[in-house]
Amino acid sequence: MKEVFKPLEPGKVKMYTCGPTVYDYAHIGNFRAFLFEDLLKRWLVYRGFKVTHVMNLTDVDDKTIKGSQKEQVPLKQYTDFYVKAFFEDIKALNIEPADVYPRATEHIPEMVALIKTLMAKGYAYRGEDGSIYYAICKFPDYGKLSKIILAETELGRGRPGWHIECSAMSMKYLGETFDIHCGGVDNMFPHHENEIAQSEAATGKKFVNYWLHNEYLLVEGKKMAKRFGNFYTLRDLVAKGYDPIAIRYLLMSTHYRQQFNFTFEGLESAKGAVDRLRNFVRRLHETEGKDSKGKVAVLTAKLEACFGGSLDDDLDIGIALASLFDFVREINNLLDDNRVSKMEASDVGGLMMRIDEVLGVIGKVEVEEALPADIDALVQKREEARKAKNWKEADAIRAQLKATGIVLEDTAQGVRWHKEKA
Ligand SMILES: [Zn+2]
């Protein structure tokens, strides 16, 4: 259901996203969620909101405990390794870091306090096995998020840690009610449903105003699983030679509420799309054409409206990207005809930079500046002199170039030059 987004405090957004369980490297399904959340956050920032983003690190649960026991290392040592790997991965994918990454192990007192409140209010009880359980039948709203029908459900008696972890840590950093909570659709039930039940029963207040869930990721049309041989971490793909930014582009380019089918063909075309954007920006730096007589300004305004309008509409990235590539094609046509002035190119370049604050795929584009023809001729002349071992002339030309501010370096790959800093 779509509704108009209204933050609790004007101009500010408080956002919580379920983070990784740090028992292994994160896989591309995890990163689909983290990239959707990154896009959402970047878009809110683009629209002028100040976003406070909290992402938990689940560093104690059955999987982390089992892993550390298997490797016979302390739990913290075991999880620290995967926390570090996670931060390396999100950096490679150009994911903006959250403001706080609370670790479950460092928030046990907050969880205990929340459980005590729930017990005092009669929502939680100690079972015969000594564990503490939540009495979902006492929370009449149970099921409101996932639309689960309680009578049909049998909740397993699992470790309660994960749900109480997200309730306790999100409220600690964002308040008892906050704006946005995200996660994969597989987290909706029971994880998020339980977060609501625990938090709202304890505080008597609404927990979260907007829930956003991203759909599953498939690989070559199948569920991703180790046993199908189609399971990939980011590192697996990088080892195959793929650029993390192309992976970023690909995982981000399908609307978050649609199932996403990862294919290697798709990854190749994602690489092509990123290259096209980078080449376009490079070309803008080089143009010295005539004025387009207002055409560039019209196209620029159209792109701003389309790109912005589609992302405002429940983050419709597909239409946003389509409008971007239409724009690139039309400006490229003008560039072909030499009808983009330096001033216009700089306006377009500025817009591309603002758009890249959201997409995060273009980055700094290295521009190779062309040497003025007369200087280039001197560089060539010196090269010939060097080949002929005419060192005197070569040195004289080098000195002549230096006088104009061009410094030459002889490298194994041939002669390089740079402008002397003024
Ligand atoms: Zn969570």
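Here is a short exchange about the predicted model of this protein chain.

User: Before we start, what kind of model is this, and how are residues numbered?

Analyst: It's a predicted model: local features need pLDDT of at least 70, side-chain atom pairs count only at pLDDT 80 or more, and totals for chains, interfaces and linings use all residues. Numbering runs from 1 along each chain as its sequence is written, and side-chain values use heavy atoms, with hydrogens and water left out.

User: Why is Cys-166 called buried?

Analyst: Buried means under 20% relative accessible area, exposed over 50%, and partly exposed in between, with a 1.4 Å probe and protein chains only. Cys-166 has 0%, so it's buried. Buried residues make up 47% of the 422 in the chain.

User: And what makes Cys-306 partly exposed?

Analyst: Its relative accessible area is 35%, so Cys-306 falls in the in-between class.

User: How do you know how many disulfides there are?

Analyst: A disulfide is a pair of cysteine sulfur atoms within 2.5 Å. Searching the whole structure for such pairs turns up zero.
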